[in-house]
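Visitor: Please take a close look at the backbone in the loops of this model.

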Amino acid sequence: MNKQRAGVFIAFEGGDGAGKSTQAARLAAALESRGYTVLRTREPGGTPVGEKLRSLVLDHGNGDIDAHTEALIFAASRAAHASQVIRPALGRGEIVLTDRYIDSSVAYQGAGRDLGQDAVRSLNEWATSGLEPHLTVLLDVDPQLGRLRRTVGQAAEDRLESEADEFHARIRDAFLNLAASRPASYLVLPAHLPVNELAGQILARVDALLDTPPAAAQDAVQLPAVRGAAQHGGGS
Ligand code: TYD
């Protein structure tokens with residue numbers, strides 16, 4: 001029998017303050033406790049060059065960054081991330097959880113900055129050689145709740161976060177439309193639900209994805225490698 005296993009690629013998306021990082025951490029812990037090898041990563045960033053691009057594009061004080069330049073910086077970070085981090089991990093049969101991926105560019109630069117969603121998607125498909133998540137978890141957040149959450153007890157907002165509520169409302173609509181156009185590839189949840197409830201629903205959906213027989217699954221979705229218990233006794 002073919003023992004070759006392909007990895008599973010899951011993206012967390014949503015507006016600023018949606019709670020993606022918390023949920024990605026919860027899912028990683030749940031999967032690791034079952035013996036799966038999980039790689040948690042984020043965009044922009046995830047590689048040395050990506051982290052430098054992250055500071056360049058998010059920090060205030062780098063002068064004017066026009067919308068096209070901004071889209072290209074995010075795409076450049078993503079190109080490095082896809083080729084240096086995500087594809088190799090999937091090749092090792094791991095579960096990759098990324099905090100943001102292509103949909104963020106389609107929503108923020110395509111809809112928010114008005115560059116056009118199709119153009120931004122094409123740019124990013126080229127940048128990643130067409131690498132798509134098997135599942136995208138969209139945490140849908142009301143822009144005002146998002147702003148409240150991220151500003152309470154936190155440092156100043158970054159360049160994108162500090163945009164007006166109207167900008168964030170366009171992004172929210174774009175995310176929801178993306179999910180509606182391919183419902184089988186998305187799990188959409190209201191971000192205001194209690195953290196435990198969200199975590200439970202996400203885990204249930206991921207369990208269903210992992211249980212999907214390869215023949216019925218989309219593209220390369222197959223069971224990921226399960227680490228042998230003996231190999232890492234104390235796991236997380
Ligand atoms: P994020 O890391 O989610 O913010 P935080 O530091 O609060 O956890 O994302 C950083 C910002 O970058 C966020 O406002 C969304 C924006 N962004 C884009 O505009 N386009 C993109 O392609 C990505 C990945 C992020």
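**Loop backbone**

Guide: Pro44 lies in the loop that links strand E2 (38-42) to helix H2 (48-58); helices (H or I, at least four residues) and strands (E, at least two) are DSSP runs, numbered from the N terminus. The model is predicted: local features need pLDDT of at least 70, side-chain atom pairs count only at pLDDT 80 or more, and totals for chains, interfaces and linings use all residues. Residues are numbered from 1 along each chain as its sequence is written.

The peptide bond from Glu43 to Pro44 is cis, and its omega is near -15°. Most peptide bonds are trans, and most residues other than glycine have a negative phi.

The loop between H4 and helix H5 (117-127) holds Asp114, a residue other than glycine with a positive phi, near 70°. Asp114 is exposed because 11 other C-beta atoms lie within 10 Å; a residue is buried at 20 or more such atoms, exposed at 12 or fewer, and partly exposed in between, with C-beta atoms placed from the backbone.

Ser129 is not a glycine either, yet its phi is positive, at about 50°. Ser129 counts as exposed because it has 10 C-beta neighbours inside 10 Å.

Helix H4 (residues 102-112), on one side of the Asp114 loop, gives the most to the shell around the ligand, with four residues.
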